[in-house]
Amino acid sequence: MPSGVGLLIHIFSMGYMDHDERPAKYFAYLNLFIFNMLLLVLGNNLLVMFVGWEGVGLCSYLLIGFWFTDPAKAAAGMKAFITNRIGDAGFLLGIFTLFSQLETISFSELAVRLPAYLEAVPTENVVAWGAPLTIACLFLFIGAMGKSAQIPLYVWLPDAMAGPTPVSALIHAATMVTAGVYMIIRLNFVFIEAPNVMLVIASVGALTALMAARIGLVQNDIKKVLAYSTVSQLGYMFLAVGVGAFGAGMAHLMTHAFFKALMFLGAGSVIYGMHHEQDMRKMGGLKKQMPITHLTFFCGWLAIIGFPLTSGFFSKDEILWMSMNSPRGHVVLWVIGFVAALMTAFYMTRLMAMTFWGKSRVSEEVHPHESPKVMTVPLMVLAFLSIFAGWLCVPHGVATIIPGHPHNLLDEWIHPLMGKFEMGHGSLTLEFTLMAITLAGVFASVVLAYVLYCKKPELAAKNAKTFKGLYNLLYNKYWVDEFYFKSMIDPLISFSRTLWTKVDVKIIDRVTYNLSDMVRNAGGGLKMAQSGNLQTYALYVLIGLVFSLFFLMVR
């Protein structure tokens, strides 16, 4: 999947970056990114995974800040790099803790040694919060939180939109931001033995899905909407793995890669056709000028809102059902996931309405046009996958009502890697009831967004004024960045500056300079003795001889 999606992004980039001044460097970074993603996925132990993990972090920094002459873009790259390092520190501590207990970091050997370790340790010492295995899983999850943008380390991902749009597609759709989910799935047999951590993972994932969806409701930058959509969908994946539905999490990881790559590249096509305009308030009615982009983007929209029989429907419905049906699930988790699904349908329909449908708000100076084939062909391929890839992971309940009962090929493929955790299928009646409720809610959200932003846009503006406080809270993203700067970053910078002026400059530098001056002055004095005059040297020899004789006579 990383190489397949990466290939399509490479092809799309040939058109999108055709006027850039440094295409060779761009494609070099892009290929290095793909290499590190494959290293992360194919590594057979945690150390090799960590090398790929750090590699994609480095490449994301280079690509997000690719247009580094713009200070905002350079700062976004630095923000992504530093935030990921916080999570990576936790990942390293998790590796060390796991190795201290099982004396291996190989995935296959971990699976073999873990049962013997569990037999040798009392159960209460395994599942307790202070248990080494629980601590290791917590540290590993911190690493996943950083890489996969979960609360509170999600702030770097929306700013990652500063890079070229194909880079956004690669970061959001391929293995970069889903690396944390993949790591937990790969170590599922370890996380299963830490139920407290599983509860934390599910809770953080559900809250992240809800929070990011709420922010996405009011954003006007087309790429920012998709960015918060990614954060929300990643929350769904963590919700799935947190309740033990690793197969469902892996399925959504795959389907999300296709439809999110499609929508980011579709957004790139819109930006390209709109001469680098990203504000949806300055768009509208683009389906006439950009029919291929609109049609393919429409396929991605169907998938992400969970339209029946599309890829997103299969994977998202399975996550919602397992959040209720799993032994580690709960009705509260289902409710949060359900509300996030309604919000997803709303803000994605809002994006479609403000960009492609309704009346045109395009400036007269801008002349929208369809993108070249080198950009639209990858969109067509991804549109096909967004609609039909879900048939590789048809859930059991849905399969029972489809003629022929299709197999869940993805689940069968990864089943040998799964730990012994029985999920069960549960009541089909309850499953279909919850599915019907979800689809009805999604349909209502779509209709509401269509009316507000396509038929009666004045109502949306009126609602924004009526609920100004809530609107500003969401538009300003809960002021989380401002809180981080005020509470942590600015005080740290101030303390570091004080430490530099008081300690580095006034103590360390002064001591260093004084010592160097002493050595230099002493050397200058001794240098006077080396005049190069033979008569002076003869005098020194004579004086030395006299002192030597005097010393011998006195003794």
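**View 1. Isoleucine 184 and its contacts.** Leaving aside neighbours within four places in sequence, isoleucine 184 is in contact (heavy atoms within 4.5 Å) with Phe141, Ala144, Phe191, Ile201, Phe238, Val241 and Phe246. A word on the source: this is a predicted model, in which local features need pLDDT of at least 70 and side-chain atom pairs count only at pLDDT 80 or more, while totals for chains, interfaces and linings use all residues. Residues are numbered from 1 along each chain as its sequence is written, and side-chain values use heavy atoms, with hydrogens and water left out.

**View 2. The nonpolar cores.** Here a nonpolar core is a set of buried Ala, Val, Leu, Ile, Met, Phe, Trp, Tyr and Cys residues joined through side-chain atoms within 4.5 Å; buried means under 20% relative accessible area, exposed over 50% and partly exposed in between, with a 1.4 Å probe and protein chains only. The largest such core has 169 residues, and Trp156, Met183, Ile184, Leu187, Phe191 and Met348 have the most contacts inside it. Helix α14 gives the largest share of this core, 17 residues. A second, separate core of seven residues includes Val394, Ala399, Ile402 and Met435.

**View 3. Helix α12 against helix α17.** Helices are DSSP runs (H or I, at least four residues), numbered from the N terminus. Helix α12 (residues 195–216) packs on helix α17 (residues 331–355) at an angle of about 25°, and their axes are 9 Å apart. The axes are lines fitted to C-alpha atoms over the stretch in contact, and angles run from 0 to 180 degrees between N-to-C directions. The pair is therefore roughly parallel, a label for angles under 35 degrees. From α12, Ala202, Ala206, Leu207, Ala209, Leu210, Ala213, Arg214 and Gly216 meet Leu333, Ile336, Val339, Ala340, Met343, Tyr347 and Arg350 of α17. By class, this contact has twelve nonpolar, one polar and two charged residues; Ala, Val, Leu, Ile, Met, Phe, Trp, Tyr, Cys and Pro count as nonpolar, Asp, Glu, Lys and Arg as charged, and the others, Gly among them, as polar.

**View 4. A cis peptide bond in a loop.** Isoleucine 151 and proline 152 are joined by a cis peptide bond, with omega about 5°. Look for proline 152 in the loop between α7 (132–147) and α8 (156–159).

View 5. Histidine 275, a residue other than glycine, has a positive phi near 60°. Histidine 275 sits in the loop between α14 (246–273) and α15 (291–305), and counts as partly exposed at 45% relative accessibility. Lysine 477 also has a positive phi near 60°. The loop between α23 (468–475) and α24 (480–527) holds lysine 477, which is partly exposed with a relative accessible area of 22%.

Terms used: Helix = DSSP H or I, 4+ residues; strand = E, 2+ residues; numbered from the N terminus. Parallel < 35°, antiparallel > 145°, perpendicular 65-115°, else oblique.
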